[in-house]
Amino acid sequence: RLPQAILGVVIVFSMYFFAKELFNEKIGLISAFVIATAPWHVHLSRFTIESHNAFLLSIVLGTTFLLVSFRKNWEMKFLIFASITFAVAFYTYFATRIFTPLYLLGLGLIFRHELSKLIRSTIRTIIIPVTIFIVLTLPFIFHMSSGKGLLRYQQVAIDKEISSPSSLAEKAYKLYFKHYHPDFIFFKGDSDFDGQLSNRHSVNGLGLFYKWQLPFWVLGVLFLLLEKNHNFIHKKWIILLMLLLFPLGSVLSDAKTPYATRSIIGVVPYTLITAYGLHIALKRLTKLKNQIVKIMLRTLAVILVAFIASLFLNRFLNLYQAYINRAYGYIGFQYGAKQIVNYFLENNDKFQLKIIYSGFDGTDALLNFYGLENCKNCYKFDPKTCKSDVTKLIAVSVDNKSGFDKSYKATLKEVIFYPN
C-alpha cells in the first residue's frame, strides 16, 4: 500500500501547482486542501486494488506541464515533460485507456489555433515531443494489439446480455448521468449508492466529497460557466473537458452503478471547481462593508465547522468499530488470503491439490501474488471433484462452510482468525 499512499501525497502537491497554473496561488492552496481531505482521494490512497493514483498523477502533471509551456510561449522542454507524463498514463489504470486518448484529443481541439500557428512557425517544437510520446507508447500499442492489454477490459466489458444497440445506449446514457448525481458525489458515495454491490470503493456513510462542499461546487460551476475572460477560456475548457469525460471508465464497462474507482479522474475537476467556489465565497465575504453581517457570517462559519467536527469525532469514537463489520467479505476488504497461501506453501508436497474453495474475489490473482507462482497445483476451484483418492487441502470461508460440509467429508487442519 505504500506506493499508493506516497503517490496520494504527491498528488496533493501536484494539485496545488495545477490549480495555481489554472487560476492563482490562493486557489492552488485551497485545491490542495480540498483534495487532501476529500474522502474520494483519501480512501483510494489507503489501499491498492489498481494503480489509480499513478493515473491521476500522470494526468495532473501532464496537463500542468502543458499549461506551463503554453504560458511560456510553448517552451519545448515543458512540452517534452508533458509528452512523457501523458505517455506514462497509458501504463497505469485500465480506465486511462478510455479517458486519456479522448482527453488528449480534446486538448488538441482546445489549443488547435495555437498549435496550428506553432506548426507553421516552429514545427520542431511540436515534432520532438510528439516523437518522444509515440516512442514511449509503442510498447503499449503492441501490448494492446496482441490482445493481452485487453484482458482486464474483457473481464469488465459492457454487459454481453444486452444485445440491442438501443438498450446499450439507454444503459450508457443513464449510467453516465448517475455520475453527476449529488447522491454519488456528496451524499452516499459509491458504497451506499442504490444498486451498488461492492462496499470497498468508498467510505460507508460518506459521499466522495463532503455535503457542506455542495453549495461551493454549484457556485464554482456557475462562475466557471459565466467567466468571459479571454485568457481563461482554454483553462475553463480543460476543467469542463475533464468533467465531461470522467464517467466513461464506468460507462464503457459492465457497471450498473457509478464506480468511484473507474471514474477516479473525476476527483480532479470536482476539486478544482469546489476550490474555485470556495475562493469566490471567501472573496465576496472579505468585500462586505457591513461589519455586522460580516461578523454574523463568520460566527455562522465557526459554528458550522464546530458542528461538522463534532459529527466526525462522533463517527471516529462510536462508529469505527462497527465499520469493519460492514466492509469485510467478498464485496469488501478480505483478510486471510496471504495466510492461506502461506499455509499452502508450507504443505506444498503433502497434498496433491490446494484449493481456495470460495469466498474470495480474484482468487487466481491472490494465489499468483502471494504464491509467487510457487504454489504447485493451487486452484480457485476443485478440478477433480469426483475423485476421493486425491489428497486435497481446501481453504473454506465461514460464509461458505455449510455448503462445503455437504460436498466433502473433511478433517479440520488449521483455523485462520481474521483481525476483525
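**Questions on a predicted model**

Student: At 24% relative accessibility, does lysine 188 count as buried, exposed or partly exposed, or what is its class?
Tutor: The model is a predicted one. Buried residues have under 20% relative accessible area and exposed ones over 50%. Lysine 188 has 24%, so the class of lysine 188 is partly exposed.

Student: Which residue forms a salt bridge with lysine 188?
Tutor: The closest N and O atoms of this pair are 3.1 Å apart, and the cut-off for a salt bridge is 4 Å. The partner of lysine 188 is aspartate 194.

Student: Where is serine 191 found?
Tutor: Serine 191 is buried, at 8% relative accessibility. Leaving aside neighbours within four places in sequence, serine 191 is in contact with residues including Gln196, Arg200, His201 and Asn204. Serine 191 is found in the loop between helix 11 (182-187) and helix 12 (214-226).

Student: How many salt bridges does a search of the whole structure find?
Tutor: Side chains of opposite charge can pair when their charged atoms come close. The pair of lysine 188 and aspartate 194 is one case, and lysine 77 with glutamate 75 is another. Over the whole structure, the number of salt bridges found is four.

Student: What separates lysine 174 and glutamate 170 in helix 10?
Tutor: The side chains of lysine 174 and glutamate 170 meet in a salt bridge with an N to O distance of 3.1 Å. Lysine 174 is partly exposed at 46%, and glutamate 170 is partly exposed at 43%. Because they are four residues apart in helix 10 (residues 165-178), what separates them is about one helical turn.

Student: What is the N to O distance at which the side chains of lysine 77 and glutamate 75 meet in a salt bridge?
Tutor: Lysine 77 counts as partly exposed, at 45% relative accessibility. Glutamate 75 also falls in the partly exposed class, at 29%. The N to O distance between their side chains is 3.7 Å.

Student: What is the phi of asparagine 73, which is not a glycine?
Tutor: Most residues other than glycine have a negative phi. Asparagine 73 lies in the loop between helix 4 (52-71) and helix 5 (76-89) and is exposed, with a relative accessible area of 65%. The phi of asparagine 73 is positive, about 60°.

Student: Is tryptophan 74 buried or exposed?
Tutor: Tryptophan 74 lies in the loop between helix 4 and helix 5. Phi of tryptophan 74 is also positive, near 60°. The relative accessible area of tryptophan 74 is 8%, under the 20% limit, so tryptophan 74 is buried.

Student: Leaving aside its neighbours within four places in sequence, which residues is tyrosine 103 in contact with?
Tutor: Tyr103 is among the members of the largest nonpolar core that touch the most others. Leaving aside those sequence neighbours, the contacts of tyrosine 103 are Ile59, Thr63, Phe86, Ile238, Leu241, Met242 and Leu245.

Student: How many of the residues of helix 13 are buried?
Tutor: Helix 13 (residues 233-245) reaches 18 Å from its first C-alpha to its last, close to the 18 Å expected. The buried residues include His234, Lys235 and Lys236 as well as Ile238, Leu241, Met242 and Leu245. Helix 13 is mostly covered, and of its 13 residues the number buried is 10.

Student: What is the area of the nonpolar surface patch made by Val130, Ile134, Leu138, Ile141 and Phe142?
Tutor: Phenylalanine 142 has its place in helix 8 (residues 124-145). Phenylalanine 142 is exposed, with a relative accessible area of 55%. Together with Val130, Ile134, Leu138 and Ile141, Phe142 makes a nonpolar surface patch of about 440 Å².

Student: What share of the 420 residues in the protein chain do buried residues make up?
Tutor: The protein chain has 19 helices and three strands. It exposes about 23200 Å², with 65% of that supplied by carbon and sulfur atoms. Of the 420 residues, the buried share is 42%.

Notes
Residues numbered from 1 in each chain as written. Predicted model: local features only at pLDDT ≥ 70, side-chain atom pairs only at ≥ 80, totals over all residues. Heavy atoms only, no water. Core = buried A, V, L, I, M, F, W, Y, C linked by side-chain atoms within 4.5 Å. Buried < 20%, exposed > 50% of the residue type's maximum accessible area, 1.4 Å probe, protein only. Contact = heavy atoms within 4.5 Å. Helix = DSSP H or I, 4+ residues; strand = E, 2+ residues; numbered from the N terminus. Expected span 1.5 Å × (residues − 1). Patch = residues over 30% accessible without salt bridge, like charges linked within 9 Å, V, L, I, M, F, W, Y side chains within 5 Å. Areas by Shrake-Rupley, 256 points an atom, 1.4 Å probe, with all protein chains shown as cover.
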